[in-house]
Amino acid sequence: MKCYKLREGDATMTGVTPDLMSKARGGDVDAFRELIEPHRRELQVHCYRMLGSFQDAEDALQDTLLAAWQSLGAFEGRASLRTWLYRIATNRCLNARRAASRRPAKTWDIAGVERPEPTRLGEVVWLEPFPDALLEGASDAPLGPEARYERTESISLGFVTALQILPPRQLAVLILRDVLGFHADEVADMLDTTVDSANSALKRARATLQSRRAPEAGRVPPPAPGSPAEEALVAKFVSAYEAADIDGVVALLTDDVFMSMPPMPFEYQGRDVVAGFCNIIFRAGRRFDLVPTRANGQPAFGSYLRGPDGVSHGTGLVVIGLAGDRICALIRFENSAFPWFGLPRTIAPR
């Protein structure tokens, strides 16, 4: 690993003092934590963008912090501590992308419901949601001048899903340059490559991402998070969904609405197709309660199936994508995500 020399400017910007660094290098765990803590959340989000999985991102973050602790003596500060940590995190994620056995696709497992014929089979079955509560510390991190994406867009499920299609090296370059705004020479140094090679990878990544996200290009922007417009749309959706009002739900959907259920690979596209899916889910008197939360900067809900005794049991986490005053995406994740959002397994009768 390259050595870096601590610069006075870096100490001012990141809170890194020679005394704190000396204590950390001497094995003071508390000093190391104080060094790292301002960067922990943004590193976790970075690992999530790289891997698309909350659990894999947490593993990569722990690997990054362990590597930083073990190699802190090599840090001399020719780049900032933050840049050095991003170098470690990026390469740990690249190793994970190359070596990991991705979470496999699951077969249809919704009891008592016959699987509708999907529009297509999705590629990114390992996708997991990221709790908004963990984004709060990361949103304070500075973006470089070359960043091309706003924070809310760059953590959205649609964007993170599209990233996963990119080859590992292209993915790393695009996130470091266009999402975080690092300079070309910094990125080349992080990846042990040349500036020309990094720029070439970036060009290919941008073209692939643009093609992948082309259907979203003309879409009306979503309302601002927490705005009255968003709250009104969410309230209508919850009211219709909990009442099993299929017409009410369908009236809120865009013509090209998209639905998926990772780790099941089945994807459904179009209002009529999704309406048919909802009809199957709600038939036979199935009723749900929704508990609000937020994931990836988007409205989300713990979905609970009402039992005959009145107790509702968690079946999955539903994240919705918005376009203007309509819903353009419905993504359902397994109830294994509930603990990340502080959601209970069951809720008592209302």
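The largest cavity in the structure has a volume of about 50 Å³, where a cavity is a set of points, on a 1 Å grid over the protein atoms alone, at which a 1.4 Å probe fits but cannot get out. Grid points are joined across faces, edges and corners, and the volume is the space filled by probe spheres set on the points. The model is predicted, so that local features need pLDDT of at least 70 and side-chain atom pairs count only at pLDDT 80 or more, whereas totals for chains, interfaces and linings use all residues. Residues are numbered from 1 along each chain as its sequence is written, and side-chain values use heavy atoms, with hydrogens and water left out.

The structure holds 1 cavity of 30 Å³ or more. Residues lining the largest cavity (those with an atom within 4 Å of a point) include Arg-103, Glu-128, Phe-333, Glu-334 and Trp-340. By class, this lining comprises 7 nonpolar, 1 polar and 3 charged residues; Ala, Val, Leu, Ile, Met, Phe, Trp, Tyr, Cys and Pro count as nonpolar, Asp, Glu, Lys and Arg as charged, and the others, Gly among them, as polar.

Aromatic contacts were assigned to rings of Phe, Tyr and Trp (its six-membered ring) with centres within 6.5 Å; planes under 30 degrees apart count as stacked, over 60 as edge-to-face and the rest as tilted. This rule gives 16 aromatic pairs. One of them, Phe-32 with Trp-69, is edge-to-face, at 5.1 Å centre to centre and 70° between the planes. Phe-32 belongs to helix H3 (residues 29-51) and Trp-69 to helix H4 (residues 54-70), so this pair links parts of the chain 37 residues apart; helices (H or I, at least four residues) and strands (E, at least two) are DSSP runs, numbered from the N terminus. Phe-32 is buried at 8% relative accessible area, whereas Trp-69 is partly exposed at 30%; buried means under 20%, exposed over 50% and partly exposed in between (1.4 Å probe, protein chains only).

Cys-47 is in no disulfide, and the nearest cysteine sulfur, that of Cys-93, is 3.6 Å away. Cys-47 is buried, with a relative accessible area of 0%. The sulfur of Cys-278 lies 15 Å from the closest cysteine sulfur, in Cys-328, which is too far for a bond. Cys-278 is likewise buried, at 7% relative accessibility.

How values were computed:
A disulfide is a pair of cysteine sulfur atoms within 2.5 Å. On a 1 Å grid over the protein atoms alone, a cavity is a set of points where a 1.4 Å probe fits but cannot get out, and a pocket is an open set with protein on both sides within 12 Å along at least five of seven lines; lining residues have an atom within 4 Å of a point.
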